[in-house]
Amino acid sequence: MVSQSSKEEFDNVGTTGLNNPKKDDFLKFTFNFEVEHAANNTRKVEFPKRKSWKEAVNSIDDKDRFWFGDGYKENSDGENFARYESEFVFYSKGLNEEEIRKAFNSITLELYLDIEEGETFEKEYKVSDIVKFNNNQSS
């Protein structure tokens with residue numbers, strides 16, 4: 001989900017070097033993925049590397065647009081679930097939804113489940129295909 005950054009997030013943004021920055025010049029990207037399965041299923045998940053988000057956003061026009069962010073993943077073989085979260089704020093002034101979506105073309109998440117003997121589920125999720133934009137203003 002791409003949404004407006006909050007006032008608190010904007011207050012924490014270092015704006016040195018920017019010409020007259022405003023809260024609306026920054027967007028927040030939030031990505032959550034979770035899969036649960038039966039305990040006897042085999043799972044393999046290939047999550048995006050943390051640096052790939054920064055590289056994707058900065059590739060839009062070769063400007064430093066990635067400001068700050070964090071992520072989390074849990075993908076233990078002994079568990080029947082996997083989780084992945086990434087959240088970051090980026091400088092979006094002058095960008096449209098198409099440019100932002102295109103930047104995420106290179107980021108994929110791959111899921112493989114061995115459901116039953118001889119039956120598997122495989123899917124590649126391209127972030128650019130599933131990202132949503134929330135144009136509501138946040139406080």
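Mentor: Let's start with the second largest pocket, which holds about 160 Å³ of space. A pocket here is an open set of points on a 1 Å grid over the protein atoms alone, where a 1.4 Å probe fits and protein lies on both sides within 12 Å along at least five of seven lines; a lining residue has an atom within 4 Å of a point. Points are joined across faces, edges and corners, and the volume is the space filled by probe spheres set on them. Rolling a probe the size of a water molecule over the atoms shows where empty space is left.

Before we go further, keep in mind that this is a predicted model: local features need pLDDT of at least 70 and side-chain atom pairs count only at pLDDT 80 or more, while totals for chains, interfaces and linings use all residues. Residues are numbered from 1 along each chain as its sequence is written, and side-chain values use heavy atoms, with hydrogens and water left out.

Now, who lines this pocket? There are 15 lining residues, and Gln4, Leu27, Leu95, Ile100 and Asn135 lie nearest the centre. Two or more residues each come from β1 (2–4), α3 (97–103) and β8 (133–134). Those labels are DSSP runs numbered from the N terminus: helices are H or I with at least four residues, strands are E with at least two. The most comes from β1, which gives three residues. Sorted by class, the lining has five nonpolar, six polar and four charged residues. For that sorting, Ala, Val, Leu, Ile, Met, Phe, Trp, Tyr, Cys and Pro count as nonpolar, Asp, Glu, Lys and Arg as charged, and the others, Gly among them, as polar.

Next comes the largest pocket, with about 210 Å³ of space. It has 15 lining residues too, and the closest to its centre are Lys49, Arg50, Trp53, Gly71 and Tyr84. The elements giving two or more residues are α2 (50–58), β4 (66–74) and β5 (81–91). Strand β4 supplies the largest share, six residues. Here the classes come out as six nonpolar, three polar and six charged.

Two of those central residues, Trp53 and Tyr84, lead us to the aromatic rings. A pair of aromatic rings is described by the distance of the centres and the angle of the planes. Rings of Phe, Tyr and Trp (its six-membered ring) pair if their centres lie within 6.5 Å; planes under 30 degrees apart are stacked, over 60 edge-to-face, and the rest tilted. That rule gives 17 aromatic pairs. Take Phe29 and Trp53: their centres are 5.1 Å apart and their planes sit at 40°, so this pair is tilted. It joins distant parts of the chain, with Phe29 in strand β2 (residues 26–36) and Trp53 in helix α2, 24 residues apart. Phe29 is buried, at 0% relative accessibility, and Trp53 is buried at 1%. Buried means under 20% relative accessible area, exposed means over 50%, and partly exposed is in between (1.4 Å probe, protein chains only).

As for Tyr84, its ring pairs with that of Phe47: the centres are 4.9 Å apart and the planes at 15°, so these two are stacked. Phe47 sits in the loop between β3 and α2, 37 residues from Tyr84 in strand β5. Phe47 counts as buried at 12% relative accessibility, and so does Tyr84 at 5%. Ring pairs link these residues into a cluster, whose members include Phe29, Phe47, Trp53, Tyr84 and Tyr125.

One more stop: the sheet that contains β3. This open sheet has three strands in the order β3-β6-β7, paired antiparallel. Strands β3 and β7 stand at the edges with a single partner strand each, so one side of each has no neighbour in the sheet. On average, neighbouring strands are turned by 10° against each other, direction ignored; axes are lines fitted to C-alpha atoms, with angles from 0 to 180 degrees between N-to-C directions. Strands pair if DSSP finds at least two bridges between them. Five bridges join β3 (residues 42–46) to β6 (residues 108–116), and eight join β6 to β7 (residues 119–126). Leu111 in β6 is the bridge partner of Val45, and its partner in β7 is Lys123.
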